[in-house]
Amino acid sequence: FLLPVSAFAQNCPTITTQPLSASVCAGGSYTLRVVATSPNNSTLSYVWYKNGSPLSETTSQLTITNFSAADAVVYAVEVSNNCGTPVRSANATLTLISRPTVTSITPSSSVCAGTPFTMQVTAETNGGGALTYQWTKAGVNIQGATSASYTLNSVQSTDAAQYAVSVSNSCGPTLSSNIQLTVNQRPIITTNPQSASLCAGASLTLSAAATGADAVKWQKGSTDLASTTNSF
């Protein structure tokens with residue numbers, strides 16, 4: 001007694017949940033899953049395909065670990081029972097994404113006390129979605145410093161430190177290189193030249209002293225004089 005071909009077709013598996021396409025972080029893992037039913041309760045078997053080539057996995061799940069560019073291809077699975085004709089799933093495409101790449105960062109700088117200074121970072125998202133930022137000073141998060149730039153409006157001696165920024169996307173953070181900020185202090189005059197009353201033809205030596213000075217320039221009125229020593 002022979003059953004019609006349609007009877008065998010009715011006994012073939014039915015895929016109720018297809019494997020899903022996804023974006024996967026570099027170095028991460030992802031599991032493709034299929035759910036199928038067998039009308040005659042016969043045992044189901046599975047063959048997974050990667051870019052059309054069969055893999056060794058024979059269960060309803062395919063787990064890919066340490067995801068890399070070589071894994072970013074199209075996958076599918078064939079489900080079989082004793083009806084003789086496998087049922088093929090829809091294709092699932094896996095895409096590689098990764099942590100941000102910092103492309104530029106403000107270099108280490110020397111800044112005069114009292115002046116403003118802005119640190120700026122640029123980064124590529126590498127498919128991982130929106131970027132977020134967190135600036136640090138000496139390894140400690142700076143409260144509220146969560147944009148692509150961080151500005152010190154008036155640099156003080158206490159601002160001298162190493163700065164960096166952590167740039168994150170859905171795959172995690174990337175830490176920038178360090179920015180070493182050196183603060184140069186303005187000279188402090190410790191001895192001022194003294195006013196005096198002189199007789200015509202007399203001479204007078206004016207003297208001054210300062211700390212943190214690299215050069216001395218005397219002025220008469222508002223005109224610079226040639227002297228570059230502490231006494232004139």
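Is K50 buried, partly exposed or exposed? In this predicted model, K50 is partly exposed, with a relative accessible area of 23%. The briefing below covers the charged side chains and the aromatic rings. The structure holds two salt bridges, and a search of the whole structure finds two aromatic pairs.

**Salt bridge K50–D71**

- K50 and D71 are joined through their side chains in a salt bridge, at 3.2 Å from N to O.
- K50 belongs to strand β5 (residues 45-50), whereas D71 sits in the loop between β7 (61-64) and β8 (74-80), so the contact ties together parts that are 21 residues apart in sequence.
- D71 counts as buried, because its relative accessibility of 12% falls under the 20% cut-off.

**R88 and its partners**

- A salt bridge also links E78 and R88, with 3.2 Å between the closest N and O atoms.
- E78 lies in strand β8 and R88 in strand β9 (residues 87-88), so this pair ties together parts that are 10 residues apart in sequence.
- R88 is partly exposed, its relative accessible area being 41%.
- R88 also lies over the face of Y49, at 4.7 Å from the ring centre.

**Aromatic residues**

- Y150 and Y163 form a tilted aromatic pair, with 6.5 Å from centre to centre and 35° between the planes.
- Y150 is in strand β16 (residues 149-152) and Y163 in strand β17 (residues 161-169), so the pair ties together parts that are 13 residues apart in sequence.
- Both Y150 and Y163 are buried.

Terms used: Residues are numbered from 1 along each chain as its sequence is written. This is a predicted model: local features need pLDDT of at least 70, side-chain atom pairs count only at pLDDT 80 or more; totals for chains, interfaces and linings use all residues. Side-chain values use heavy atoms; hydrogens and water are left out. Rings of Phe, Tyr and Trp (its six-membered ring) pair if their centres lie within 6.5 Å; planes under 30 degrees apart count as stacked, over 60 as edge-to-face and the rest as tilted. Helices (H or I, at least four residues) and strands (E, at least two) are DSSP runs, numbered from the N terminus. Buried means under 20% relative accessible area, exposed over 50%, partly exposed in between (1.4 Å probe, protein chains only). A charge sits over a ring if NZ of Lys or CZ of Arg is within 6 Å of the ring centre and within 35 degrees of the ring normal. A salt bridge is a side-chain nitrogen of Lys or Arg within 4 Å of a carboxyl oxygen of Asp or Glu.
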